[in-house]
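Please open the model in your viewer and keep the selection tool at hand.

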Amino acid sequence: MGKLKSAGARVERALVNKIRSEGGWAVRAPASLGPFDVVAFWNGKILLIQCKSCRDDKCYVGKSEVENMLSELEAVEKAVKGLIPVKAYVYVKRRRKKGSEAFVEVKKKHKGKSLTILFSEKGVNLKTASR
């Protein structure tokens with residue numbers, strides 16, 4: 001397994017363990033067979049989570065990844081028929097700075113856009129672009 005893949009797998013496993021330790025249920029989707037790396041049930045919601053491990057202060061989510069996430073989100077929402085809220089997130093963990101992590105919700109308004117997640121001393125910002 002390459003360094004990047006193993007870093008991503010570590011982030012996924014750590015997130016699953018965190019959710020479980022806080023009373024939620026979570027499972028990894030090894031080898032990323034779909035747009036989400038982790039599926040969880042936490043605080044009364046289904047969470048579909050794409051994990052990113054970033055070395056620098058910014059992390060990029062491409063337009064096609066966003067489209068795939070939104071398509072899968074829509075399918076799960078349809079399947080649960082509104083009985084349980086469903087949310088899609090990108091979970092970003094910076095490798096070089098301990099404690100630097102963020103959950104960014106992927107919403108329908110992001111359709112057709114790429115996302116750039118920026119870390120700064122003031123917090124996390126999200127930039128969108130139609131590329």
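Select α2, residues 63-80, where helices (H or I, at least four residues) and strands (E, at least two) are DSSP runs numbered from the N terminus. Its 18 residues should span 26 Å at 1.5 Å a residue, and the end C-alpha atoms are 26 Å apart, which agrees; the expected span is 1.5 Å times one less than the number of residues. This is a predicted model, in which local features need pLDDT of at least 70 and side-chain atom pairs count only at pLDDT 80 or more, while totals for chains, interfaces and linings use all residues. Residues are numbered from 1 along each chain as its sequence is written, and side-chain values use heavy atoms, without hydrogens or water.

Next, select Val66, Met69, Leu70, Leu73 and Val80, the buried residues of α2. Buried means under 20% relative accessible area, exposed over 50%, and partly exposed in between (1.4 Å probe, protein chains only). These residues cover an arc of only 95 degrees around the axis, which puts them on the same side of α2; the arc is that of the directions from the helix axis to the C-beta atoms. The face turned away from this buried side carries exposed Ser64, Glu74, Lys78 and Ala79.

Now display β3, β4, β5, β6 and β7, against which the buried residues of α2 pack. Then centre on Met69: leaving aside residues up to four places away in sequence, Met69 touches Pro35, Phe36, Gln50, Val61, Val90 and Val106 (contact means heavy atoms within 4.5 Å).
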